[in-house]
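Please open the model in your viewer and keep the selection panel at hand.

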Amino acid sequence: FRGLDGFVIRWELASGETGAPPVAAGEFPNPAIRPGGSAVFPLEMPTVGIVPGREYFLNVRAEYARDEPLIPRGHVAAAGQFPVGLVRPGPAVKAADMRPVTFVPSCPRVTGRMKVTVGGSGFSASFDRTTGMLTSYVFRGKEFVRTGLEPHFWRAPTDNDFGNGMPQRCRPWLTASQERKLESFSLRKISPREVEIRVLFSYPPLLSRTETVYRLRADGLLRVTHTFTPGGDPLPELPRLGLITRLAPELKNVAWLGRGPQENYWDRKSGAPVGLYRSPADRLAHPYVRPQESGYRSDVRWVSFTDSQG
């Protein structure tokens, strides 16, 4: 154990989204606090301009004040990140500025399928009434969806999973999505500029249900809410709950506002601060010696997938 003498305690107020220099920064006075001791540091922060729609964090780190054996000066010994309540809402979208949304059912005799297409300002989205699936999302003439959004309950087992018998115990979830049954598909206009589609699936072997609600706005915003209702019989633990899709392969550049840059999980994430990070899609997973689940990023506010033109 050692005291705080020999360290420089720095702080900064930063917006993780901008990627720009911190809004404000400084150093704490560094009294000689002995191991196990504590002190209160006053933080005198200057007046700063708050950009609407952004989050701000107080980042604090302890750096070595001088070179030590194997450790250079400036090496970070400890760090913490604390959200601060400097929030202003972003500008609201005015519904009056949007054109009305339209929806057109296709003729099964012509297409061979019962399909409905929703259109608005520069976008269209298609759904298959017989499967309940979103089959297409085109924005400004570009197709983004290859498959999905499909209910999903499985993930690749890890070494620890194999050790505790998870692949056998949870096997009913492996095939649950393939055994689903479409119970209902409904469409209604909420307003002249918004349409709602509700898709209800049942999973007979598990006596469970999911409901996926799509709300499509005339400017192309698609809001998805996915709800799972378990059956009455005891079920093994759920490896994963969500929706899986496959995007167009050219959307290979990933940016996200959340924890990173390395993989992190809900029970092990404090060492991955919230920030704005970028990565090629094929580098998000970790190449473990034996392939297994990897590459999670926790507390993600938003994520974007873009092609080479952005």
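Begin with the lining of the largest pocket, which by class has 24 nonpolar, five polar and five charged residues (Ala, Val, Leu, Ile, Met, Phe, Trp, Tyr, Cys and Pro count as nonpolar, Asp, Glu, Lys and Arg as charged, and the others, Gly among them, as polar). This is a predicted model in which local features need pLDDT of at least 70 and side-chain atom pairs count only at pLDDT 80 or more, while totals for chains, interfaces and linings use all residues. Residues are numbered from 1 along each chain as its sequence is written, and side-chain values use heavy atoms, without hydrogens and water.

A pocket here is an open set of points on a 1 Å grid over the protein atoms alone, where a 1.4 Å probe fits, with protein on both sides within 12 Å along at least five of seven lines, and lining residues have an atom within 4 Å of a point. Next, select β15, which gives the largest share of that lining, six residues; strands are DSSP runs of E with at least two residues, numbered from the N terminus.

Move on to R155, T158, Y265, E293 and Y296, the closest to the centre of the second largest pocket among the 17 residues that line it. Its lining divides into five nonpolar, five polar and seven charged residues.

Finally, display the open sheet of four strands, ordered β11-β12-β13-β14 with antiparallel pairing, where two strands pair if DSSP finds at least two bridges between them. β11 (181-191) and β14 stand at the edges with a single partner strand each, so one side of each has no neighbour in the sheet. Zoom in on S184, which stands opposite L200 in β12.
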